Amino acid sequence: MQFVVNNIPVTIESVATDMTLLRYLRSEQNLTGTKEGCASGDCGACTVLVGSEGPDGRVYRAVNSCICPLGSLNGKHVVTVEGLGNEGQLHPVQEAMVQCHGSQCGFCTPGFVMSLAGLQLNSDALSAQPVEEQRHAVIDAISGNLCRCTGYRPIIDAGIQSLKKPAQMINIVQEWKADAPLAGNPVLKEVDCFYAQPSDEAELQALLRQCPDARLVAGGTDLMLEVTQLYKTLPQLIDLNNVSGLNTVTVQSDYVEIGAAATYTEVEHQLRDISPMFVRLLSRLGSRQIRNRGTLGGNICNASPIADTPPYLLVLEAELIIGNAAGDYRSESVNHFYSAYKQTTLVAGEYLAKIRIKRSALGDAIRLYKISKRYEDDISAVMGAFLLDDQQQLRIAFGGMAAIPKRGYATEKFLNQTTWQRDGQVLSQTLEQACDILRSEFSPMSDVRASADYRMAMACNLMKKACYEFIAQMNGQSATEGVFDHA
């Protein structure tokens with residue numbers, strides 16, 4: 001594989017398939033400014049910028065190098081803290097960090113600098129915005145960076161100050177282009193370990209025919225934890241990032257189609273005006289570094305009962321387009337996709353290709369509530385999704401309340417066949433009856449995040465809250481519009 005590290009082209013002939021970018025930078029390149037803190041994408045000390053070619057030129061995004069597979073960097077430009085600045089001059093972010101006293105012990109500082117450098121690189125539109133808008137952008141950029149010393153204020157000040165300087169481009173040899181792409185279809189009869197990067201679904205399907213048990217990776221924000229936290233090896237990986245059609249979001253008049261390998265950041269850009277409630281949820285799903293690599297398809301297929309996006313897709317009754325090694329496709333409602341804890345209806349040789357959502361469903365009244373110990377960058381204890389369609393029919397789904405993300409069909413049926421509101425007022429007694437039914441169809445567990453009793457109490461309260469907000473919306477009154485909660 002070939003890529004660029006701080007403007008220096010690098011060619012690698014052989015490397016472990018599950019080698020992380022962080023491990024390579026520190027052990028092979030001796031670029032130790034990039035730190036290892038958590039090895040799970042939580043602290044941001046390992047943040048680097050990754051540049052890739054897009055329709056509008058090269059785009060740089062901050063990513064967690066600790067959970068980024070090295071093979072995914074083929075043809076990319078990696079910038080570490082050592083690669084910032086020009087001819088002995090500090091980068092505007094580095095200069096601002098010095099002037100604002102944004103560093104104490106310094107361990108986390110390189111990660112903060114790289115996150116802010118990614119923002120500053122694209123700051124032309126921000127430089128003319130009010131300070132509050134700039135502050136919001138800076139906080140979003142560093143939402144995945146943890147500091148134990150300074151209390152963040154001087155770091156935020158440094159970020160805002162750096163936006164006043166002209167955006168500093170990242171140096172790179174413009175004519176450079178990788179001329180040795182990763183094999184899309186290696187000779188697997190002779191290769192037990194491989195990292196393949198197919199360019200289209202035909203190549204992907206050929207790989208799956210030969211190795212139906214190979215692991216699929218796009219963002220790797222969950223899969224790579226098996227390497228960094230459980231110390232497993234991943235001998236056969238198929239990277240979906242370059243598969244045409246799987247990494248795009250298509251908005252049509254009657255539906256939205258999201259490629260399984262499309263990043264959350266891309267989904268945010270495309271759905272910002274169509275589904276603002278979902279975009280707000282994504283801001284709590286993970287940090288900017290995570291959203292720059294994590295994918296909706298990964299969150300679905302991981303089949304975690306506490307994943308944030310499945311409840312939303314359940315109430316939307318989203319359709320999953322599933323391909324297989326033979327080149328065939330089938331369609332399945334997300335409501336039938338989860339079979340048991342961490343299990344789906346996918347079989348060997350199958351893969352999730354796209355998620356299709358009706359535009360009409362995106363126009364319905366939706367409320368999304370996430371209960372977590374930390375407001376940001378935390379796994380949910382309870383995730384509730386509620387939809388009221390144009391026929392005044394409710395749909396209810398929860399994460400964290402069962403072994404799988406689950407619809408509350410019995411509770412829905414009761415509320416939709418019973419008068420739960422009259423003359424613009426919620427009938428509280430009917431909602432209490434609905435809570436009794438909810439308790440009968442969900443059996444949450446107790447764990448480190450919340451007790452079963454707490455989860456059940458929260459689920460009932462969130463359902464009530466959604467109903468009151470729906471009525472307020474119908475009455476044209478001011479409502480909190482799906483304000484997210486934390487424990």
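Analyst: Let's start with a term: a residue is called buried when its relative accessible area is under 20%, exposed when over 50%, and partly exposed in between (1.4 Å probe, protein chains only). Now some ground rules. This is a predicted model, where local features need pLDDT of at least 70 and side-chain atom pairs count only at pLDDT 80 or more, while totals for chains, interfaces and linings use all residues. Residues are numbered from 1 along each chain as its sequence is written, and side-chain values use heavy atoms, with hydrogens and water left out.

The part I'd pick is Gly245. With a relative accessibility of 25%, Gly245 counts as partly exposed, because that value falls in the in-between range. You'll find Gly245 in the loop between β8 (236-239) and β9 (249-251). Those labels come from DSSP runs, numbered from the N terminus: helices are H or I with at least four residues, strands are E with at least two.

So what does Gly245 touch? Leaving aside residues up to four places away in sequence, Gly245 touches Gly259 and Lys354, where contact means heavy atoms within 4.5 Å. Then there's Ser199: it sits 46 residues from Gly245 along the chain, and their C-alpha atoms are separated by 9.8 Å.

Among contacts with a separation of 6 or more, 66% are between residues 24 or more positions apart.

Helix α12 (residues 309-316) is mostly covered, with eight of its eight residues buried. Among them are Tyr312, Leu313 and Leu314.

Now zoom out. The chain holds 16 helices and 21 strands, and 56% of its 487 residues count as buried. Its C-alpha trace spans about 70 × 60 × 45 Å along the principal axes. For 487 residues, a compact globule would have a radius of gyration near 23 Å, and the chain agrees with its 23 Å; that radius is taken over C-alpha atoms, and the globule rule is 2.2 Å times the number of residues to the power 0.38.
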